[in-house]
Amino acid sequence: MMHKVFLFILSLSEIKRDNVKQNMRKNQSFTIFLLFLFITIIQAQELKLIDSLQIVNNTEENLRNRVDNYTLIAYSFGNINTDSSLKYSKQARDLADSIQYTYGLAVSYSYIARASLQHGLLLESIHNFKLSLPLYLELGDSANVLDTYSGLSYVYSYGKNQKQSLIHNLKSLDIAIPLKDSVSLSIIYNNLGAIYMQLGNYEASVSNFQKSIDIVPENTPITDVIPTYSNIAVVQVEHKRF
């Protein structure tokens with residue numbers, strides 16, 4: 001998945017330059033304050049959930065529930081502390097493996113893969129995604145199979161083998177089409193556009209970026225579509241350059 005880019009477009013035609021600078025400083029300060037406040041609120045909510053799950057797990061006798069709680073804790077730590085997320089994912093994995101809880105084991109492998117990716121451990125991430133995949137296939141969990149193929153495609157996109165990234169993204173597309181998941185399809189087409197750009201196939205790149213825009217739900221914020229339009233522009237510039 002490509003990194004989300006936020007573009008701020010200002011019209012300066014009828015505004016004095018000095019006023020623009022002053023307003024931008026005020027807007028930037030206020031935006032930073034709101035962002036900090038939002039992150040603080042979210043983190044406080046996540047930490048409260050983590051505390052409650054840890055308390056529950058101290059007395060939880062159902063081992064499958066304990067695995068599920070470990071994975072919820074790992075998920076909640078995902079945006080706060082990657083090391084803690086990895087720690088609880090591994091606890092979930094070990095317990096799920098010991099009681100032969102397939103779903104819990106699959107989820108724990110997925111979370112280990114994500115935490116490994118955040119640490120830059122690409123081979124470890126790929127290894128754990130590949131461990132989760134046959135378990136999701138065994139369970140017939142199409143949504144998580146799709147997510148796993150997308151994850152593998154994303155990790156491979158960091159390396160030199162863009163064809164592996166393409167192969168796994170096409171596999172996720174094959175699953176998303178019958179599910180009629182327009183959000184996933186839009187992301188997949190966008191990612192295909194990015195991969196084809198890396199492979200030098202500019203026509204396929206623009207075609208998939210356009211599909212991403214065409215299939216996006218009507219109520220999607222314009223900020224979620226702007227990056228794809230930007231990607232199309234980049235491809236067109238690169239194509240003319242080379």
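Predicted model: local features only at pLDDT ≥ 70, side-chain atom pairs only at ≥ 80, totals over all residues.
Let me begin with the largest nonpolar core, which has 31 residues, and in which Val 67, Tyr 88, Val 145, Leu 173, Ile 188 and Leu 192 touch the most other members. At least two residues of this core are supplied by each of the helices H2 (63-77), H3 (82-99), H4 (102-118), H5 (122-139), H6 (142-156), H7 (162-179) and H8 (182-198), and the largest share, 6 residues, comes from H8. To take one of those residues in more detail, Val 67 is in contact with Ala 92, Leu 95, Ala 96, Ile 99, Tyr 101 and Gly 104, if we leave out residues up to four places away in sequence. Another core, of 8 residues, lies apart from the largest one, and Ala 113, Ile 126, Leu 152 and Tyr 156 are among its members.

Now to the helix pair: how do H8 and H9 pack? Their axes are 7 Å apart and the angle is about 165°, with H9 covering residues 202-215; angles over 145 degrees count as roughly antiparallel, and H8 and H9 are therefore roughly antiparallel to each other. The crossing in which H8 passes H9 is left-handed.

As for the residues that meet there, the H8 side includes Leu 185, Tyr 189, Leu 192 and Met 197, while the H9 side includes Tyr 202, Phe 209, Lys 211 and Ile 215. Taken by class, the residues of this contact between H8 and H9 divide into 10 nonpolar, 7 polar and 1 charged.

How values were computed. Residues numbered from 1 in each chain as written. Heavy atoms only, no water. Core = buried A, V, L, I, M, F, W, Y, C linked by side-chain atoms within 4.5 Å. Buried < 20%, exposed > 50% of the residue type's maximum accessible area, 1.4 Å probe, protein only. Helix = DSSP H or I, 4+ residues; strand = E, 2+ residues; numbered from the N terminus. Contact = heavy atoms within 4.5 Å. Axes fitted to C-alpha atoms, helices over the stretch in contact; angles between N-to-C directions. Parallel < 35°, antiparallel > 145°, perpendicular 65-115°, else oblique. Left-handed = near helix turned anticlockwise from the far one by under 90°. Nonpolar A, V, L, I, M, F, W, Y, C, P; charged D, E, K, R; others polar.
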